[in-house]
Amino acid sequence: MAVQSSLKHAHEGWSPDEPLILHIHEDDSHSPATGGTTFSRTCFNGINALSGVGILSIPYALAQGGWLSLVLLFVMAIICCYTGLLLQRCMDANPHIRSYPDVGEHAFGYKGRVMIALFLYLELYLVSIGFLILEGDNLENLFPGTSFTFLGLNISGKQFFVLIATLLILPTTWLRNLSLLAYVSAGGVLASVVVVLCVFWVGAFGGIGFHERGRVLNLKGLSTSMSLYAFCYSGHAVFPTLYTSMKTKSQFPKALFTCFVLCFINYGTMAVLVT
């Protein structure tokens, strides 16, 4: 429409004695928003996506695979970081690619877009449900016997905490600006660090101590360890959003590398302390 309007005005104001000058104005509706997310805030969002409930399962993964399985934790970090960079290359192939469905459409057409969108949103929906169930179970163990009555309905135990967690988390899904969401992510990163510090404090000053346990290598448990290590770095669903929201997109590889290095240190420390 911008090109057609320029043609119309050029024709109306043109005379045979004057050269025809055509002014084409590009439609900037698809251009990135001004501002964008800074490098540090992108790191907070990325670390929060990577460092989650996996920190609770990492000691079990190390116990199953043995101490040498920490090499797999490092290898999985390299593989997942590299696939994140490959995703960036896919998005750089076309300026209109901003999400996984866009990648699917660019590669396989409309059917690819539909299939990838279906699996992506189904995964995110089921992961959200899984986290709410986990939240309800843990809070019920911490505060047993909690209940309340609403409109004649008695809501107690796990259902109560699932409802409360949903109401608290729901407003964060309305944030469209990742710069603001970075403050929420900073809270998640802080929580992961606090968990590791609490484990260290209990072991060092709580009278429990640290014991040399576990095997050097357990081949039968390597498959379990590998799957849990891969789960620890499963944050690829948000990588396209992180990339497109950055103020300086050329810094995305550096931000991705920073996220994986810090998460590896946090995961490794937790595994060594508990095992």
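The axes of helix H7 (residues 178-205) and H10 come within 10 Å and cross at roughly 25°. Axes here are lines fitted to C-alpha atoms, for helices over the stretch in contact, and angles run from 0 to 180 degrees between N-to-C directions. H7 is therefore roughly parallel to H10 (angles under 35 degrees count as roughly parallel, over 145 as roughly antiparallel, 65 to 115 as roughly perpendicular and the rest as oblique). The crossing of H7 with H10 is left-handed (the near helix is turned anticlockwise from the far one by less than a right angle; clockwise gives right-handed). On the H7 side, Ser192, Val193, Val195, Val196, Val199 and Phe200 take part; they meet Asn266, Thr269, Met270, Leu273 and Val274 of H10. Contact means heavy atoms within 4.5 Å. By class, this contact of H7 with H10 has 8 nonpolar, 3 polar and no charged residues (Ala, Val, Leu, Ile, Met, Phe, Trp, Tyr, Cys and Pro count as nonpolar, Asp, Glu, Lys and Arg as charged, and the others, Gly among them, as polar).

The model is predicted: local features need pLDDT of at least 70, side-chain atom pairs count only at pLDDT 80 or more, and totals for chains, interfaces and linings use all residues. Residues are numbered from 1 along each chain as its sequence is written, and side-chain values use heavy atoms, without hydrogens and water.

H10 (residues 252-274) also packs against helix H2 (residues 39-50), at about 45° and with the axes 9 Å apart. H2 is therefore oblique to H10. Their crossing is right-handed. H2 contributes Phe39, Thr42, Cys43, Gly46, Ile47 and Leu50; H10 contributes Lys254, Ala255, Thr258, Cys259, Phe260, Leu262, Cys263 and Tyr267. The contact of H2 with H10 comprises 10 nonpolar, 3 polar and 1 charged residues.

Threonine 37 lies in the loop between helix H1 (2-12) and H2. Its relative accessibility is 2%, so threonine 37 counts as buried (under 20% relative accessible area; exposed is over 50%, partly exposed in between; 1.4 Å probe, protein chains only). Beyond neighbours within four places in sequence, threonine 37 contacts Thr42, Asn45, Leu178, Ser179, Ser245, Met246 and Lys247.

The protein chain holds 10 helices and 2 strands (DSSP runs, H or I of at least four residues and E of at least two, numbered from the N terminus). Their order is α-α-α-α-α-β-β-α-α-α-α-α. Of the 275 residues, 29% count as buried. Among contacts between residues at least 6 apart in sequence, 73% join residues at least 24 apart.
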